[in-house]
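Good morning, and thank you for the time on the agenda. I would like to take the group through one protein model, beginning with the overall layout and ending with the charged side chains.

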Amino acid sequence: NRIMKRTQTFDSGASASLPYAGGLLLIFGAHGGAPLMLDLAARLSVCGPVRLLDCGNRSNMYRVARTLRTLTADPVTVLRQIQLSRAFTCYQVVTLLEKIASGKGTPVLVLDLLATFMDESVQASESSQLFERALQCLLAISAHSPVVVSARPLLLLSAPRFGLLEQLKRAASEVWEEDEVLPSRATDVQLSLLADY
């Protein structure tokens, strides 16, 4: 059963807890939700292995290490639980997701998914086809593993590909949108999505 889609806002200082399982969670923010995603990667790595796919060169592992120092007495060992892969083209994104799809149970975090699909050296039609394959992989992975994807607002020059963001939002079971309008909000928001992972 698909769970009813919810859209919620979070502020830029929010912290995350365990991700949603059985669905695709989208975190949408100005910087591709990177601070929240990296916080989530750190917290999940304390519990076990995590796959982190960085599509927008946003994986600041020093930030992750700083977070881990507050969570564990052995941050170096825990940091090794994060398997980081970087994708610089949309072709690499699809290849990596197809490989990840064969594994089960490990949480998968994808930073700034749409970044490589905006590459103007790839025809918009081909980019769309590749994105469809990537999205199908993510949905297949989400059937057996927690999956969290982040994206950021697209630039006007990417207008021919705006449909990819809308497609991603439609496919997501839950969407968390960064709320930068209310900086005074409490910064301890928990994304309490599924506690029994």
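Predicted model: local features only at pLDDT ≥ 70, side-chain atom pairs only at ≥ 80, totals over all residues.

The protein chain contains six helices and seven strands. Followed along the sequence, these elements run in the order β-β-α-β-α-α-β-α-β-α-β-α-β. Of the 197 residues in the chain, 49% are buried. The chain exposes about 9,600 Å², and carbon and sulfur atoms supply 53% of that area. As for contacts with a separation of 6 or more, 82% of them join residues 24 or more positions apart.

I turn now to the interior. In soluble globular proteins, nonpolar side chains tend to be buried together. Here the largest nonpolar core has 36 residues, and those that touch the most other members are Leu97, Val110, Leu113, Leu114, Phe117, Val149 and Leu168. Two or more residues each come from strand S2 (24-28), helix H4 (90-100), strand S5 (108-111), helix H5 (124-142), strand S6 (147-151) and helix H6 (162-171). Helix H5 gives the most, with seven residues. Which residues does Leu97 contact, leaving aside its neighbours within four places in sequence? They are Leu53, Val110, Ala134, Cys137, Leu138 and Ile141. Apart from this core lies another, of 21 residues, including Ala42, Val50, Leu109 and Trp176.

Leu53 has Ser85 as its bridge partner in S4, and in S5 Leu53 stands opposite Val110.

On the cysteines I can be brief. How many disulfides does the structure hold? It holds zero. Cys47 has a relative accessibility of 58% and therefore counts as exposed, whereas Cys90, at 1%, counts as buried.

That leaves the charged side chains. Side chains of opposite charge can pair when their charged atoms come close. The structure holds six salt bridges. In one of them, Asp112 pairs with Arg58, with the closest N and O atoms 2.8 Å apart. Asp112 lies in the loop between S5 and H5, and Arg58 in the loop between S3 and helix H2 (61-69), so this pair ties together parts that are 54 residues apart in sequence. Asp112 is buried at 1% relative accessibility, while Arg58 is partly exposed at 25%. A network of salt bridges links Arg58, Asp112 and Arg152.

Another salt bridge joins Arg133 and Glu98, at 2.8 Å from N to O. Because Arg133 lies in helix H5 and Glu98 in helix H4, the pair ties together parts that are 35 residues apart in sequence. Arg133 is partly exposed, with a relative accessible area of 43%, and Glu98 is partly exposed at 38%.

Finally, Glu177 forms a salt bridge with Lys169, the closest N and O atoms being 3.6 Å apart. Glu177 is partly exposed at 26% relative accessibility, whereas Lys169 is buried at 18%.

Definitions and conventions: Residues numbered from 1 in each chain as written. Heavy atoms only, no water. Core = buried A, V, L, I, M, F, W, Y, C linked by side-chain atoms within 4.5 Å. Buried < 20%, exposed > 50% of the residue type's maximum accessible area, 1.4 Å probe, protein only. Helix = DSSP H or I, 4+ residues; strand = E, 2+ residues; numbered from the N terminus. Contact = heavy atoms within 4.5 Å. Areas by Shrake-Rupley, 256 points an atom, 1.4 Å probe, with all protein chains shown as cover. Pairing = 2+ DSSP bridges. Disulfide = S-S within 2.5 Å. Salt bridge = Lys/Arg side-chain N within 4 Å of Asp/Glu carboxyl O.
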